[in-house]
Amino acid sequence: MRARFRFPFLIPILFLLVACVSAPTPTTATPLPSPTAQTLPPAVVETSPPIGSQIGLTTPITIYFSEAMERASVETSIRSPDVERFLFIWLNDATLQITPVQPFPIDKEIQITLGTSVKTARGLNLPQEVTLSYRTPGLLTVTQVLPAPQADAISPDSAIVAAFNQPVVPLGAEAASLPVGFTLEPAVNGRGEWLNTSTYIFYPDPALAGGIEYTVRINNTLKSTAGTPLDAKSPNQAWAFRTALPEVLEISPATRTLLPIDGKIQITFNQPMDKASVEAAFRLQDAQAKLVTGNFEWNERGTVVTFVPQQQLARD
């Protein structure tokens with residue numbers, strides 16, 4: 001027979017041990033270090049036009065800073081070997097527009113420096129000098145002309161053209177406000193226009209006279225849109241060409257061929273003609289030297305005239 005042992009005093013101890021094991025141990029959170037704000041120095045973040053680009057002689061330059069600036073310190077620190085003074089316009093506390101009081105030099109590398117005395121509104125200095133570099137264009141020149149200088153036998157209804165090395169008129173400008181590109185001697189009626197910002201073309205109307213020398217003179221008051229004047233020493237400031245003499249290119253029907261009794265006579269010239277002088281000089285005679293009356297019809301360009309008899313011609 002097995003002996004039974006009883007240990008009633010162990011039960012409270014077991015409960016106490018279980019409670020000690022299952023109860024969570026309280027923890028204390030470790031505080032994180034507070035971030036320290038870093039103070040960044042001021043900077044030039046952008047310019048317009050961009051650094052390194054070509055600018056006009058009086059082009060405003062806009063400087064964008066990274067933060068609000070102390071305006072007086074910026075204005076007094078800006079210097080340039082090419083310009084004595086600038087006009088300053090603040091668009092806001094971080095954006096400054098500068099314009100040269102006198103035009104920049106022509107065809108030159110332009111440098112504008114911001115010194116380290118530049119300060120922000122918080123009193124921080126520019127860490128190092130900032131240099132803005134640009135290029136100005138050269139003088140305005142004529143690069144191509146039509147007709148070519150000293151050209152001969154030019155069709156009188158040809159257009160006259162002058163092309164320049166840089167824009168002379170702004171894109172999209174009103175035609176009535178634009179200057180003429182050149183004049184002709186002797187004076188000619190017609191229509192002149194800018195084909196684009198740097199090419200001027202003149203359409204004579206009526207056509208030029210045949211067998212005449214014309215001189216084209218460039219308008220010496222022209223300036224490029226960048227502000228550079230015309231180079232007085234460049235070629236093609238003036239040039240001359242001669243128009244072709246009037247010439248009959250074709251007669252139809254051909255001479256010494258049978259002519260229909262209701263036949264029309266057509267004459268083609270090498271250029272637009274003075275209609276009155278041609279009609280006055282035209283004669284159609286029969287075998288007895290009697291003049292045949294008729295009417296004249298011209299093509300639109302004035303280069304082809306057709307004589308239409310008012311009645312049938314005599315046979316044979």
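**Note on salt bridges, strand pairing and surface**

1. A search of the whole structure finds 9 salt bridges. The coordinates belong to a predicted model, and the points below should be read with that in mind.

2. One of the salt bridges joins Arg 71 to Asp 93, with a separation of 2.7 Å between the closest N and O atoms. This pair links distant parts of the chain, since Arg 71 belongs to helix α2 (residues 71-77) while Asp 93 sits in the loop between β4 and β5, 22 residues apart. Arg 71 counts as partly exposed because its relative accessibility is 35%, and Asp 93, with a relative accessible area of 39%, is likewise partly exposed.

3. Another salt bridge is formed by Arg 135 and Asp 107, whose closest N and O atoms are 2.9 Å apart. Here too distant parts of the chain are linked, with Arg 135 in strand β7 and Asp 107 in the loop between β5 and β6, 28 residues apart. The relative accessible area of Arg 135 is 32%, so this residue is partly exposed, and Asp 107 falls into the partly exposed class at 46% relative accessibility.

4. Arg 135 also forms a salt bridge with Glu 109, for which the closest N and O atoms are 3.8 Å apart. Because Glu 109 lies in strand β6 and Arg 135 in strand β7, the pair ties together parts that are 26 residues apart in sequence. Glu 109 is partly exposed, at 39% relative accessibility. For a reader checking the geometry, the cut-off matters: a side-chain nitrogen of Lys or Arg has to be within 4 Å of a carboxyl oxygen of Asp or Glu, and the 3.8 Å given for Glu 109 and Arg 135 should be read against it. Taken together, Asp 107, Glu 109 and Arg 135 are linked in a network of salt bridges.

5. Strand β2 (residues 61-65) is largely enclosed by the rest of the structure, because 4 of its 5 residues are buried. Strand β1 (residues 44-48) is joined to β2 by 4 bridges and runs antiparallel to it, with Val 44 opposite Phe 65 in β2. A further 4 bridges join β2 to strand β5 (residues 95-100), again in antiparallel fashion, and in this case Tyr 64 stands opposite Thr 95 in β5.

6. Elsewhere, 4 strands form an open sheet in the order β8-β10-β13-β12, with antiparallel pairing. Its edge strands, each of which pairs on one side only, are β8 (142-146) and β12 (190-196). On average, and with direction ignored, neighbouring strands of this sheet are turned by 15° against each other. The pairing of β12 with strand β13 (residues 199-204) is antiparallel and extends over 6 bridges, and Tyr 203 in β13 is the bridge partner of Arg 191.

7. On the surface, Leu 87, Ile 89, Leu 91 and Val 101 form a nonpolar patch whose accessible area together is about 330 Å². Ile 89 has its place in strand β4 (residues 86-92), and this residue counts as partly exposed because its relative accessibility is 37%.

8. For the protein as a whole, the count is 3 helices and 19 strands. Of the 316 residues in the protein, 34% are buried. The protein exposes about 20,400 Å², of which carbon and sulfur atoms supply 54%. Among contacts between residues at least 6 apart in sequence, 61% join residues at least 24 apart.

How values were computed: Residues are numbered from 1 along each chain as its sequence is written. This is a predicted model: local features need pLDDT of at least 70, side-chain atom pairs count only at pLDDT 80 or more; totals for chains, interfaces and linings use all residues. Side-chain values use heavy atoms; hydrogens and water are left out. Two strands pair if DSSP finds at least two bridges between them. Helices (H or I, at least four residues) and strands (E, at least two) are DSSP runs, numbered from the N terminus. Axes are lines fitted to C-alpha atoms, for helices over the stretch in contact, and angles run from 0 to 180 degrees between N-to-C directions. Buried means under 20% relative accessible area, exposed over 50%, partly exposed in between (1.4 Å probe, protein chains only). Contact means heavy atoms within 4.5 Å. Accessible areas come from the Shrake-Rupley method with a 1.4 Å probe; for residues, only the protein chains shown count as cover. Patches are made of residues with over 30% relative accessible area and no salt bridge: like charges are joined within 9 Å, nonpolar side chains (Val, Leu, Ile, Met, Phe, Trp, Tyr) within 5 Å.
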